[in-house]
Amino acid sequence: MNWKQVHKKYDYLLALAVIALGVFGVVMIYTSVFSEAVPLHVRNANLGLWQRQRAFIITGVILMLVFSFIDYHYITRFYWAIYAAMLLLLVVVLLIGKDEGTGVARWIWIPLPLIGALSMQPSEFAKIFITIFLAKFLEVYRFNRPFLFAAVLALIGVPVILVVLQPSFSASMVVLTVSLTVLFVGGLYWRIILAGLAVVAPIIVVIWFDLQREVPIIVTRFLGEWQWRRIESFLRPELANPDTVRQTQGSVEAIIKGGLTGNGFLGNPYIILGNNDFIFSVAASQFGFVGAAVLLGVVAFIISRCILIALRAVDMEGRLLAAGVAGMLIFETFFHVSVATNLLPNTGMPFPFMSYGGSMIWVHMLAIGMVLNVRLPRKPRSIFDEQDEEE
């Protein structure tokens, strides 16, 4: 790395945009707890949410800064160890992380001295781990060959299935989407893409017709009871349990009643504790269409910077890392906003950098840190390599 040029090439705007989004998220979590819609007993039980999120953001920014100065080549050289660690965490959470009340296995609780128990969500870390692994794997191997392509699909399929088993459909979709994004940017042949579409399209049609049944035959075999209830409440809200659709209806009403300029700070009488899956609606309720547009504009700026860095990367590894992070942010933002506006069933998708959760914040900050490092200038590896050009 050319340290003399680092201060000139460092993407300060990207780093500041991410920090601003994180700080705004802390404020929105505060308002989600202290707004007039939240009953007193619920508010008292969640008083510390915004303070914990503040700690997550501070530590996340430190992670981002640290990883922005660690050469990503040093990290990607351990790609097989990273892949193995990802599988180990996903298996461990299935073995010891199951909640007896809900049957969900998503968190590993780690006891720490002076701090107490800290929860870790392996499915969140799988998003960046699979990106790092594929960035190096596709740089090393010519994956379009039949045998290697089948191997790549298997390597992607294992963590996706392990996340589905938790169950976490939304996280598994992010892992799959990030993987497909990296494959596409890595040079996946169009004939393979078309062949894949030819296989997937009939499956989508069959699922669509199956969902038209009052009790689907196929879908219910692969989804848990609560997952099917969420989809059913989206397809037939008039027949759904009121508790199932209350949050989504409140989200839509919050966005509508927010109007052009919003209800003002703490003016969110529609959503109770929207600190995670409905944080966008909390912001739209208080700051209206203008605030929501600015918020999405900041996210679009962050994504565009990631894409630009991918296009200007000096090698395939850097290009795939930045592209994978951009794909993750696009998918998560699209699904979160679609759920908030009732365009898609409630999938529990976080809003990048804003929704509550330590694992999500750390993973996304770490990912941006690696993207920032991809942009930094590097000394030529040999006399045949060219020096980075000044922008």
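Buried means under 20% relative accessible area, exposed means over 50%, and partly exposed lies in between (1.4 Å probe, protein chains only). Helices (H or I, at least four residues) and strands (E, at least two) are DSSP runs, numbered from the N terminus. By these terms helix 7 is mostly covered, with 17 of its 19 residues buried.

The structure is a predicted model, in which local features need pLDDT of at least 70, side-chain atom pairs count only at pLDDT 80 or more, and totals for chains, interfaces and linings use all residues. Residues are numbered from 1 along each chain as its sequence is written, and side-chain values use heavy atoms, with hydrogens and water left out.

The predictor's confidence in each residue is given as pLDDT, from 0 to 100. The mean pLDDT of the protein chain is 84. A value of 70 or more is reached by 88% of its residues. Over residues 387–391 pLDDT stays under 50. For that stretch the model has 15 contacts (heavy atoms within 4.5 Å) beyond four places in sequence.

The protein chain holds 16 helices and two strands. Of its 391 residues, 50% are buried. Contacts between residues at least 6 apart in sequence were also examined, and 71% of them join residues at least 24 apart. The chain exposes about 19300 Å², of which carbon and sulfur atoms supply 68%. Accessible areas come from the Shrake-Rupley method with a 1.4 Å probe; for residues, only the protein chains shown count as cover.

Helix 7 covers residues 122–140. The expected span of a helix is 1.5 Å times one less than its number of residues. Threonine 131 is buried, with a relative accessible area of 2%. Apart from residues up to four places away in sequence, threonine 131 touches Val178, Val182, Leu320, Leu321 and Gly324. Lysine 136 also has its place in helix 7. Its relative accessible area is 16%, so lysine 136 is buried. Beyond its neighbours within four places in sequence, lysine 136 contacts Thr76, Tyr79 and Glu317.

Helix 8 (residues 146–164) has 19 residues, which should span 27 Å; its end C-alpha atoms are 26 Å apart, in agreement. Its buried residues include Leu148, Phe149, Val152 and Leu155. Cover for the buried residues of helix 8 includes helix 6 (79–96), helix 7, helix 9 (169–185) and helix 10 (190–211).

Salt bridges were counted next. Side chains of opposite charge can pair when their charged atoms come close. A salt bridge is a side-chain nitrogen of Lys or Arg within 4 Å of a carboxyl oxygen of Asp or Glu. Seven are found by this rule. Aspartate 11 pairs with arginine 305 in a salt bridge, the closest N and O atoms being 2.9 Å apart. Aspartate 11 lies in the loop between helix 1 (6–9) and helix 2 (12–34) and arginine 305 in helix 14, so the pair ties together parts that are 294 residues apart in sequence. Both aspartate 11 and arginine 305 are buried.

Two salt bridges involve lysine 127. One is formed with glutamate 124, the closest N and O atoms being 3.0 Å apart. Glutamate 124 and lysine 127 are three residues apart in helix 7, so about one helical turn separates them. The other is formed with glutamate 332, at 2.7 Å between the closest N and O atoms. This pair links distant parts of the chain, lysine 127 in helix 7 and glutamate 332 in helix 15, 205 residues apart. Lysine 127 and glutamate 332 are both buried.

Leucine 296 is in helix 14 (residues 279–312). At 31% relative accessibility, leucine 296 counts as partly exposed. Its C-alpha atom is separated by 8.6 Å from that of threonine 333, 37 residues apart along the chain. Not counting residues up to four places away in sequence, leucine 296 touches Phe280, Thr333, Val337 and Phe351.

Most residues other than glycine have a negative phi. Asparagine 342 is partly exposed, with a relative accessible area of 36%. Phenylalanine 353 counts as buried at 2% relative accessibility.
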